[in-house]
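Please read the numbered points with the sequence and the coordinates at hand.

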Amino acid sequence: MPNNFPPVVNSWNEWDTLREMVVGSADNACFEPAEPGSRPAIRNAPDQPFPTGPKSKEAIDLANEELAGLARLLESQGVTVRRPETHDFSAPVTTPDFEVENQYCAVCPRDVMITMGNEIIEATMSRRARYFEYQPYRKLVYEYWNADPRVGWTTAPKPSMKDGMYREDFWEWPLEERHAKMHSFEFCINQDEVVFDAADMSRLGRDILVQESMTTNRAGIHWLKRHLEPRGFRVHPVHFPLDFFPSHIDCTFVPLRPGLILTNPERPLREGEEKMFLDNDWQLVDVPQPVLTNDEMPMYCQSSKWLSMNVLSISPTKVICEEQEKPLQDLLSSHGFEVFPIPFRNVFEYGGSLHCATWDIHRDGDRQDYFPSLRYEPLI
């Protein structure tokens, strides 16, 4: 393909006008098994055994109906929608270092796949049941890679996921110990191996935010800095010290357009980390309390009520929001957005909402510097 053709893969931020998007699928989804990096529990009944094996046909059909609705809405806005391949998530995973009885699902491509400009990156993942979750997207990646020689493709180093990679006692820490260790940002994964989920990253042109969390450690952030900064990016670790179980940044800190970020009133940035935004005239806007409380979330959902703020930008002026989150819709409208409400509550059971359930392949625009006054010393 001549270089004067539009690039096949092109996405530098979370808000430019969307042209091509992968939407997840609940086909063959299973319950996520208990393992060192995850202790799923039934909401409001934590002492009952969590289900194992495949999810019910009804649960899968309800989620797929809403995912198809998202795909139709995107197509009505001129977006090309792609879907993952069918995958047998009931198959066990066995490696020299671990075994797990089944895998999870392909509802949330955002967790494992990310586009950095013209490069596709497959994340390491942090949980055993998700070790091979890149496979439903591999055929698409080959298609993009073969279609355009400018497409980069990087697979991050797979961690061992052996027992020693995790702090298995994390789940039993008393509240006092959790308070003490959360402020040093030590969670269920240790710092020995490179570990990160793609959903802990947020793209703002030249600048990339990476949340240190239960699913992304400092070694993972260090690998991202060494990989991305020679390519002209600036990688910023961010922390939310009031979040006991941080996992994935897109329910805590959500950029919508240049100069505007939705923030979680219960999870403020660590003191000092807001400076790069305020010094560059970014507005940090707290979202309203979600319509659903944590106790009212779906029974098997392992995510918090803050899936409410997991919105999806179609463009700098258009945002998709869950249909029952009327207070958030009103806030978005007050900031000049055209809001597209759609039902998505049945997808919550699978650990995500609108942003989680998508992976953007192509948006208009190129890499911009939205932090011109930032003084930054890159790693390399």
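**Notes on selected elements**

1. Strand β1 pairs with strand β2 (residues 80–82) in the parallel sense, and three bridges join the two. The model is a predicted one. Within this pairing, M21 has V81 of β2 as its bridge partner.

2. The loop between β16 (338–342) and β17 (358–363) contains R345. Is R345 buried or exposed? Its relative accessible area is 11%, which is under the 20% limit, so R345 counts as buried. The side chain of R345 makes a polar contact with that of E322, at 3.4 Å. Beyond its neighbours within four places in sequence, R345 is in contact with E66, V291, L292, P298, E322, Q324 and E325.

3. Helix α4 (residues 218–228) has eight buried residues out of eleven, so the helix is largely enclosed by the rest of the structure. The buried residues are A219, G220, I221, W223, L224, K225, H227 and L228. Which strands are included in what covers them? Among the covering elements are β5 (113–116), β6 (119–122), β7 (152–155), β8 (201–204), β9 (207–211) and β10 (234–238).

4. The start of α4 shows a specific approach: a side-chain oxygen of N217 comes to within 3.3 Å of the backbone nitrogen of A219.

5. Strand β9 includes I208. I208 is buried, its relative accessible area being 1%. Once neighbours within four places in sequence are set aside, the residues in contact with I208 are M116, M201, S202, R203, F233, R234, V235 and H236. Between I208 and L228 there are 20 positions in sequence, and their C-alpha atoms are 9.1 Å apart in space. L228 is itself one of the buried residues of α4.

Definitions and conventions. Residues are numbered from 1 along each chain as its sequence is written. This is a predicted model: local features need pLDDT of at least 70, side-chain atom pairs count only at pLDDT 80 or more; totals for chains, interfaces and linings use all residues. Side-chain values use heavy atoms; hydrogens and water are left out. Buried means under 20% relative accessible area, exposed over 50%, partly exposed in between (1.4 Å probe, protein chains only). Helices (H or I, at least four residues) and strands (E, at least two) are DSSP runs, numbered from the N terminus. Contact means heavy atoms within 4.5 Å. A polar contact is a pair of N or O atoms within 3.5 Å; within protein, one must be able to donate a hydrogen and the other to accept it, and residues adjacent in sequence count only if both atoms are side-chain atoms. Two strands pair if DSSP finds at least two bridges between them.
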